[in-house]
Each structure stands twice: as structure tokens, then as C-alpha cells.
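Dear colleague,

I am handing over the structure below, followed by an account of what was found in it. Please read the notes with the coordinates open beside them.

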Amino acid sequence: MEEQSEEADSLAIWAGCRVGAGSGPVGNEENMLREITLGQYYQTDSVIHRMDPRVKLVTTVCYIISLFIVDNIAGYVIAGVFLALVIRLSRVPVKYMIRGMKSIVFLLIIAAGFNLFLTPGETIATFWKLKITREGIRLALFMAIRLVFLLMGSSVMTLTTTPNNLTDGMEKLLGPLKHLKVPVHEIAMMMSIALRFIPILLEETDKIMKAQIARGADFESGNLIKKAKSLVPLLVPLFISAFRRANDLAMAMEARCYRGGEHRTKMKPLIYKKRDGIAYGVVLIYLVLCVAVGKILL
Amino acid sequence: MSLILDHVSYLYEAGTAMEYTALRDVCLKISKGEFIGLIGHTGSGKSTLVQHLNGLLKPVSGNVYFNGADIHDSDYNKKELRSKVGLVFQYPEHQLFEADVFSDVCFGPKNLGLDKKETELRAYAALKQVGLEDEYFYQSPFDLSGGQKRRVAIAGVLAMQPEVLVLDEPTAGLDPKGRDEILDRIAKLRDETGMTVILVSHSMEDVARYVDRIIVMNKGQIMFDDKPREVFRHYRELEAVGLAAPQITYIMQALKKKGLDVDTDITSVEEAKEAILKALKRNGGAV
């Protein structure tokens with residue numbers, strides 16, 4: 001009976017992987033998502049959310065490229081305005097974006113610091129042996145803006161697209177590679193399964209950890225070796241459970257005659273709509289603008 | 001020995017869009033030697049509640065007291081608490097990790113800092129308490145059957161010799177025989193040691209036979225907290241929240257409706273038999 005419930009679990013997981021976006025709570029998915037926000041998807045309804053994931057993927061790549069093309073104030077203003085517009089359209093609260101920024105504060109300070117002090121050029125101020133140059137300030141500033149925009153830009157994508165949708169888009173975009181014998185569908189499938197399993201394994205970790213703590217295990221105190229040793233009661237059950245789940249999932253897929261991407265249809269095929277065309281147009285205009293601004297002001 | 005929950009509330013994901021109230025103002029007093037059934041539908045907060053009993057979760061508001069001391073005081077010894085309030089999680093066999101059964105059961109007492117001899121004595125006693133035969137002691141726990149694994153896992157907690165034993169759905173996924181075995185073991189254990197036992201379940205049928213107090217949870221709140229027969233009287237309300245009284249309650253209710261004057265406050269088949277016979281006798285054998 002235990003097997004039964006677990007099998008049902010893995011079926012639900014598989015179904016979740018395949019149905020893709022908007023599949024709603026499958027089994028106790030709702031419960032799990034409460035615990036962990038994976039890929040930090042922010043649930044709301046907006047133009048950006050409804051947009052085809054391919055558009056969002058392409059736009060994100062284009063945006064990242066554009067950040068490296070421009071290297072003057074005007075260019076960054078354009079990039080900033082574009083980003084602000086998209087964020088506004090996405091209806092994701094700005095505080096979610098800011099929250100994501102916290103993880104790179106350290107990197108930002110180091111990168112900006114190096115640029116500030118180690119760029120040769122016209123000296124403005126000197127602290128002890130460190131010289132601040134005009135070029136340094138410029139570089140540090142641009143570097144910081146670039147990093148922040150980069151992270152914000154890509155988090156707009158992950159905040160507005162479910163992981164399933166994202167892999168679907170990727171599969172479709174990489175579709176042409178199939179002719180080069182690249183197993184695109186299989187890769188996308190592996191990605192969506194892997195993504196789907198992250199919250200499950202996190203939850204499992206939490207559960208096992210609690211169970212062992214209830215048996216007096218101590219994961220916090222002690223030196224490094226003792227700490228590493230204390231992980232054994234956590235890792236062994238976790239691995240066993242991961243293998244068990246993988247096994248169940250494979251069985252469930254096989255029972256439904258899953259044979260990879262051959263002649264497979266989708267419940268929700270990706271079809272470009274009018275808004276997607278418009279979005280591509282906007283992105284193109286944005287790119288042209290970025291390049292033009294760079295050329296004119298140079 | 002007493003465990004007190006004083007106006008305990010708990011939220012998951014506090015402060016985010018996915019905030020969810022798991023417990024709402026729960027007050028509870030558990031005294032020594034009680035045999036309690038904690039019942040509720042999936043998501044009613046039972047598992048969250050039991051994790052408060054040994055301090056795994058800290059209430060967002062309210063306090064938990066064990067023997068009069070607030071367990072979330074900064075100088076409170078949580079480790080000792082966890083040895084006194086033994087918590088067996090759902091599917092506890094998933095937490096087995098050692099190479100053989102015996103060392104796995106030793107894990108708990110070893111963590112308490114007991115010496116080797118005492119640890120092994122306790123592990124042996126615990127394995128005997130759950131009724132596992134000696135021949136399995138040095139096998140890999142992963143080679144055992146589902147029911148045996150579960151018993152090993154329960155022994156892992158018993159070896160810490162807790163004063164309160166909390167079991168979260170100890171029969172989930174077991175066949176009827178395995179289920180009865182585990183529950184009978186627990187009941188016997190409780191009779192022998194006099195420890196407090198809290199049995200979490202979503203099945204009235206399971207608990208009704210054993211416990212002498214039932215706590216019904218619904219949407220994070222305590223709905224009923226009374227003797228089984230008192231709780232089953234509210235079988236209509238129980239149905240409304242996705243639970244049910246034991247089948248025997250329904251039979252007695254139906255008999256009464258048909259005109260047989262039986263006592264409907266019945267929790268077991270044996271009691272029902274007596275009650276029906278008594279009613280029949282009163283009717284002079286004619287129905």
C-alpha cells in the first residue's frame with residue numbers, strides 16, 4: 001500500500017512535468033510549493049506571464065547581449081527604461097526583484113571595488129596606496145549597473161514563467177538541433193523532471209532532518225569533521241529516497257509507454273499569438289536603439 | 001509529567017504571498033499516562049501540532065510547556081526534551097540509515113550521550129518491545145519487510161525511553177494485519193510502561209478501539225476533545241469535515257432508528273454486542 005501511494009505520487013509528478021504550465025496543483029504540489037518557491041515563480045496574471053516562453057527566452061538573451069553592447073550612459077538609460085517597463089507590465093512587486101538582489105551584493109561590492117581602485121587613468125583621489133581614477137569610477141559604475149540589470153532581467157523571466165513552461169520553450173527553440181541528432185526532447189524532459197524534483201527533495205530533506213533531530217541528532221554543533229559525520233544519517237536516507245523515487249517514476253513512465261519525443265503531441269502546444277509578434281518587434285527596436293546609441297555617441 | 005499548549009498558532013511561509021495558517025489558537029493539556037488519539041483530515045494541522053510537542057517547530061504565538069517549563073526558553077535543554085517526548089514520524093522507515101538494524105536503533109540513545117553498554121541494553125529492550133526477533137538484529141534494515149522496517153524505526157525512538165510517545169500515522173501504508181500488529185504492540189507497550197501515547201491518525205476505526213481520549217482537528221483548530229463515545233455522538237459534524245465515526249456507531253444509530261432501544265454510545269464491536277443483547281432481552285426477545 002505504501003508503494004501504491006508513492007507510485008501515485010510519481011505519476012502526479014510526471015503528469016505535472018508533461019502538462020506543463022498552468023497545470024495547477026497536482027497531488028500535494030500545492031503543499032510543497034508553499035514550502036519552497038522554486039525558480040521563484042510569482043503567480044499572477046499579466047501580459048508578460050501569458051507571453052510565449054520562447055519570446056521570453058529570446059528576449060532575455062537579447063537583453064543580456066544588449067547590456068554588453070552598450071557602454072555609455074544613454075545606452076544604460078535605454079536598458080533601464082526597457083527593464084522598468086517590462087517589470088511594470090509583469091505586475092511582479094518590485095520588492096521581489098530587490099530580494100533577488102541581496103544574493104549578489106557581495107559580488108557587486110567586490111567587482112565594483114576592483115574596478116574602482118585598479119583601473120589606470122586620470123587620478124582623482126588617493127587613499128593610502130589606492131588610487132581612484134575617473135576611468136575607474138566609470139567602469140565600476142557601469143559594471144554595477146550591468147550586473148544589477150543582468151540579474152533583474154533574468155529574474156523577470158523566472159518570476160513570470162513556470163519552470164515547466166520554460167523547458168517547453170527551450171525544447172521548441174532548440175527543435176532544429178534535432179536534425180543534428182541532438183536529443184532535444186530528452187534533454188528538456190530531463191530538465192523538467194530535475195526541476196520538478198528539487199522541491200520534493202528539499203521537502204524530503206526537511207522531513208528526514210526533523211526525524212533525526214527527534215532522535216537526538218545534532219547537525220549544528222561540533223567541528224567540521226563532526227559536522228560532516230553528522231550528515232550521514234541525513235544523506236543515506238535521502239539518497240535511498242531519491243533512487244526510490246526515480247525508480248518509481250521510471251516505472252510509471254514505462255507503464256504509460258513513454259518512448260521519448262517521437263510523434264509526441266502536446267496538451268498545450270506553444271503557438272505564437274499576436275502579442276508575441278509585437279513583443280519580438282519591441283525587442284528588435286530595443287536592440288537597434290542600443291546599437292544606434294552606441295554608434296552615434298562614439 | 002504534563003504537556004501544555006497555550007494558545008499556540010503556527011504559520012507556514014510567514015510574511016510571503018503563500019502564508020498559510022496551520023494552527024490557530026490551539027490550547028491543549030496532556031497528562032501523564034493518557035492514551036490520546038489525534039484525528040483530523042489531511043491538512044488539518046495534526047502533523048504540525050505534534051511537531052510542536054518536542055520543539056521541532058516554534059509557535060508563531062503562544063507557548064508550549066513541558067513539566068511546567070517553557071520549552072522555548074533560551075536555556076531550555078531541547079535535546080533532553082526530545083528524549084522525553086519521542087516523536088515517530090510518518091513513514092519512519094525512511095529515516096533508517098545504518099548498516100544493520102541494531103546500530104540504527106542505537107542511534108537515539110547514543111545521541112543522548114549514554115555509554116555503550118546502556119545504549120545497547122536500551123536498543124535491545126526496544127527491539128524486544130516492538131517484537132522483532134533476534135535473527136533480524138544484524139541484518140541490513142533495507143532487507144526487511146515494510147512492517148518490520150516500521151517496527152525498527154519505532155524501536156529507534158523507544159530506545160530513548162521517552163515519557164511521551166507520539167506516533168504520526170504509524171499504520172499508514174500497512175496492510176490490515178500489519179496495522180493491527182503495530183497498534184496492538186503500542187497498546188501493550190502503554191499498558192506495561194504507563195507512558196503517555198499520542199496516536200495521530202485520520203482513521204477513527206483505528207483509534208477508537210485503543211484510546212481513551214480523542215482530539216479532533218479541523219482547519220488548524222481543535223474541534224472536539226473528549227472521550228471517544230462523546231466525540232462519536234457528533235458523527236454528523238465529523239462527516240462534515242471529512243471524517244467518520246466507526247462503522248459500529250452507524251449500525252447502532254440505524255438500529256435505534258428502526259425502533260430497537262439500544263445504547264448508541266458505543267465504540268467497539270464487543271460493547272455493541274452487549275448493548276444489542278441487553279436491548280433484545282428488554283424487548284423480551286421479540287423485535
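**Chain A as a whole**

The accessible surface of chain A comes to about 17,200 Å², and 69% of that area belongs to carbon and sulfur atoms; accessible areas come from the Shrake-Rupley method with a 1.4 Å probe, and for residues only the protein chains shown count as cover. This is a predicted model, in which local features need pLDDT of at least 70 and side-chain atom pairs count only at pLDDT 80 or more, while totals for chains, interfaces and linings use all residues. Residues are numbered from 1 along each chain as its sequence is written, chains are lettered from A and ligands numbered from 1 in the order in which they are written, and side-chain values use heavy atoms, with hydrogens and water left out.

Chain A has 13 helices and 2 strands, where helices (H or I, at least four residues) and strands (E, at least two) are DSSP runs numbered from the N terminus. Of the 298 residues in chain A, 41% are buried; buried means under 20% relative accessible area, exposed means over 50%, and partly exposed lies in between (1.4 Å probe, protein chains only). Among the contacts in chain A with a separation of 6 or more, 76% are accounted for by residues 24 or more positions apart, a contact being heavy atoms within 4.5 Å.

**Local features of chain A**

The buried residues of α8(A) include A:Gly136, A:Phe142, A:Phe149, A:Met152, A:Val156 and A:Leu159.

A:Thr59 lies in helix α4 of chain A (residues 53–69) and is buried, because its relative accessible area is 19%. A polar atom of the A:Thr59 side chain lies 2.5 Å from the backbone oxygen of A:Val55, and, leaving aside neighbours within four places in sequence, A:Thr59 is in contact with A:Phe82 and A:Val283.

**Salt bridges**

Over all chains, a search of the whole structure finds 23 salt bridges, each being a side-chain nitrogen of Lys or Arg within 4 Å of a carboxyl oxygen of Asp or Glu. One of them joins A:Arg245 and A:Glu204, whose closest N and O atoms are 2.9 Å apart. This pair links distant parts of the chain, with A:Arg245 in helix α12 (residues 232–255) and A:Glu204 in helix α10 of chain A, 41 residues apart, and both residues are buried.

In chain B, B:Glu181 forms a salt bridge with B:Arg151, the closest N and O atoms being 3.3 Å apart. That pair connects helix α6 (residues 176–193), which holds B:Glu181, with helix α5 (residues 146–158), which holds B:Arg151, across 30 residues of chain B. B:Glu181 counts as partly exposed at 32% relative accessibility, whereas B:Arg151 is buried at 14%. B:Arg209 likewise forms a salt bridge with B:Asp180, with the closest N and O atoms 3.3 Å apart. A network of salt bridges also links B:Glu34, B:Arg213 and B:Asp225.

With regards

Definitions and conventions
Polar contact = N/O pair within 3.5 Å; in protein donor to acceptor, adjacent residues only side chain to side chain.
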